[in-house]
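Open the model in your viewer and keep the selection panel at hand.

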Amino acid sequence: MDTKLDPSRDDLPLMANTSHILVKHYVLDLDVDFESQIIEGTIVLFFESGKKQSGSTKEPCRSESNEACRFRMPEPCHSPVTDTRTFSSKTRSNDFTICGKGEKDTSGKDGNHDNREQASGISSSKYCCDTGNHGSEDFLLVLDCCDLSVLKVEEVDVAAVPGIEKLTRSPKLTVVSEELRNQIVCELVTLPADRWREQLDYYARCSQAPGCGELLFDTDTWSLQIRKTGAQTATDFPHAIRIRYSTKPQGRSVTWTSDQSGRPCVYTMGSPINNRALFPCQEPPVAMSTWQATVRAAASFVVLMSGENSAKPTQLREGCSSWHYYVTMPMPASTFTIAVGSWTEMKPETCSSNDLAAERSLSPSEADFRYVGICGHMEYPCRFQNPSATIQEIIPHRVFAPLCLKGACQETLLQLVPPCLSAAHRVLGTHPFSRLDILIVPGNFPSLGMARPNKEKTGHVSDSGSSVVKHGLNPEKVFMQVHYLKGYFLLRFLAQRLGDDTYFAFLRKFVHTFHGQLILSQDFLQMLLENIPEEKRLELSVENIFRDWLESSGIPQPLQRERQAGAECGLARQVSVEVEKWIRMNRRPRKRKRRETEEVFEKLLPDQLVLLLEHLLEQKTLNPRTLQSLERAYRLTQQDAEVRHRWCELIIKHKYTKAYKDVERFLQEDQAMGIYLYGELMVSEDSRQQQVARRCFELTKEQMDRSSAQVVAEMLF
């Protein structure tokens with residue numbers, strides 16, 4: 001694979017050799033430092049060698065003859081990686097180093113690292129990045145990694161943990177060896193789901209065990225490569241390793257910024273490179289793993305993570321607190337999230353049953369899909385097999401936000417969460433997670449970045465499991481949302497074609513069948529067509545749907561017909577009447593006859609306001625008097641972001657200078673949605689509008705995510 005990619009336009013490489021070895025569990029132990037804008041600490045990875053089928057459950061270790069667990073290795077790779085000495089300049093430019101605070105850089109000029117002494121170059125004649133089992137060659141573990149300073153890599157002596165011998169099936173192995181340590185990890189990662197608490201405890205204790213040998217490692221732009229001399233296969237490679245590392249302030253997996261109250265915060269924001277700049281990991285979604293994390297920060301901060309438990313702070317020393325989270329459901333590493341800031345938990349003024357399970361009787365159609373049969377995912381403590389969980393409409397949840405938003409949260413958001421959770425349960429069935437944390441993020445959160453493709457096979461997959469995400473590094477990609485919009489309308493089309501009862505019954509069955517598994521669009525559509533009556537299929541097929549909705553440009557024919565029909569609905573007709581009123585008003589002369597009646601405008605819903613403003617955007621001219629009346633009639637500056645965005649488009653199109661302050665406010669407070677407006681301001685070639693764009697960008701560019709800032713900078717300069 002070509003590692004010399006142009007980050008501004010090329011594909012995103014997924015380097016991890018997941019076909020040879022899989023991470024089953026991560027244990028993170030991190031410190032968050034806002035002064036240096038660095039997260040540092042250790043991560044311990046527990047591996048399972050070999051490749052399993054995606055639907056398989058626990059597979060026991062083969063220890064009958066005192067052997068560690070073994071799986072058949074893939075065929076050898078014969079594509080040597082470029083000699084690391086040939087890209088040493090790139091290694092230095094990306095500042096990959098083993099230097100810690102106050103330590104000297106012991107890396108060689110060729111960019112290779114050894115914890116004890118400078119290592120010779122990892123040349124193509126001796127080591128291969130896609131190593132499986134190559135005879136005399138050492139196995140090379142490849143992890144996805146970017147924008148990290150890796151300080152040390154070592155094997156963990158899990159055999160030193162008191163009581164760990166309970167996990168070994170062969171008590172005759174009294175001599176501590178690599179084989180014994182790997183057997184212990186093999187037994188640990190395959191403990192049955194009902195022993196998950198014990199398993200998490202063992203993981204934590206093993207992660208604190210002493211090291212038993214430092215490992216050679218090297219880094220390039222997109223990966224961390226680790227080897228142990230003499231370990232020639234993935235089975236021989238240490239199954240528990242500890243990596244000491246630190247992030248960089250410019251790392252692209254987290255954003256260091258300020259919240260709505262102006263206080264510092266940091267959070268994962270759905271970066272195109274996912275979490276590889278937060279911790280070394282296996283990015284391909286096929287690498288499903290669990291994790292637990294201990295995070296320390298100043299006592300004034302709250303640490304939130306995508307864990308299953310409602311963590312509470314533990315005071316370690318004056319001014320410092322620790323937070324601990326975990327998950328027991330295996331998921332891709334990209335789903336790991338963290339947010340640290342001066343958040344306040346928002347609670348309703350009156351007592352509610354927020355933390356209690358809301359229960360009700362189930363209809364026969366719903367009950368058919370509750371805790372029936374055997375789950376198809378790998379083994380974990382599954383809520384779908386828990387009768388009490390299946391009838392829990394409202395799961396425990398917490399809402400966090402800056403203190404300045406307390407009033408808005410109590411007035412609106414807190415009241416919406418329970419009915420939304422109840423509706424999700426009614427439509428989709430069992431909540432897959434036991435709890436939920438909701439955080440109001442700052443305005444620079446790149447929300448469109450969360451809607452990026454995340455498929456297992458996004459490009460050619462090598463024998464090692466490495467692949468690419470097509471155009472994953474293109475900064476403009478996150479703003480091109482046509483495929484998601486068409487997907488949304490496709491689901492609406494299917495619901496209308498089948499009818500709500502049939503469609504929602506299928507959704508519940510689909511969630512129950514595929515929960516906890518990786519699925520593709522084809523899986524969804526195939527199961528849908530197999531589960532609907534023949535008379536409702538008509539001409540629907542997976543091939544036809546892909547052709548008309550996903551592979552063809554433009555608006556699909558069914559959607560065009562729906563638009564025509566939608567124009568005749570009552571709400572749309574009401575908007576059309578209001579549009580005509582505004583057009584008549586705009587045509588009237590400034591001085592009117594006294595007997596002429598004033599227009600009376602009806603109150604409109606937010607979606608109707610969006611449609612109204614879109615119709616008015618089609619008008620060639622709207623005079624300032626009309627625009628002023630429009631804002632006053634609907635209080636547009638107090639509406640939601642969708643409405644205000646259309647209002648700003650009108651301001652820009654008609655050069656309504658009195659309302660430029662509304663555009664400036666939108667660009668600063670709703671940064672993720674403001675990218676299009678920057679383009680409109682610059683395309684107009686109006687000097688005053690261009691000054692507005694440049695001034696707002698100067699005020700916000702340090703807070704914007706990297707992709708957004710890059711796209712806007714190209715527009716402005």
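A cavity here is a set of grid points where a 1.4 Å probe fits but cannot get out. Its volume is the space filled by probe spheres set on those points. Keep both in mind for the third stop; the model is a predicted one.

**Stop 1: the whole chain.** Select everything. The protein chain has 717 residues, and 52% of them count as buried. Of the contacts with a separation of 6 or more, 73% join residues 24 or more positions apart.

**Stop 2: the surface.** Show the accessible surface. The chain exposes about 34600 Å², and carbon and sulfur atoms supply 51% of that area.

**Stop 3: the inside.** Five cavities of 30 Å³ or more are counted. Which residues line the second largest cavity? Select Tyr26, Phe279, Ser289, Trp291, Met331, Pro332, Ala333, Thr335 and Phe336. Seven residues of this lining are nonpolar, two are polar and none is charged.

**Stop 4: confidence.** Colour by pLDDT. The chain averages 80, and 77% of the residues score at least 70. Now select residues 52-135, where pLDDT is below 50. This stretch still has 176 contacts in the model beyond near neighbours in sequence. Finish on residues 353-371. There pLDDT also stays under 50, and the model has 39 contacts beyond four places in sequence.

Key. Residues numbered from 1 in each chain as written. Predicted model: local features only at pLDDT ≥ 70, side-chain atom pairs only at ≥ 80, totals over all residues. Heavy atoms only, no water. 1 Å grid on protein atoms, 1.4 Å probe; cavity = no way out; pocket = protein on both sides within 12 Å on 5 of 7 lines; lining within 4 Å. Nonpolar A, V, L, I, M, F, W, Y, C, P; charged D, E, K, R; others polar. pLDDT = per-residue confidence, 0-100. Contact = heavy atoms within 4.5 Å. Buried < 20%, exposed > 50% of the residue type's maximum accessible area, 1.4 Å probe, protein only. Areas by Shrake-Rupley, 256 points an atom, 1.4 Å probe, with all protein chains shown as cover.
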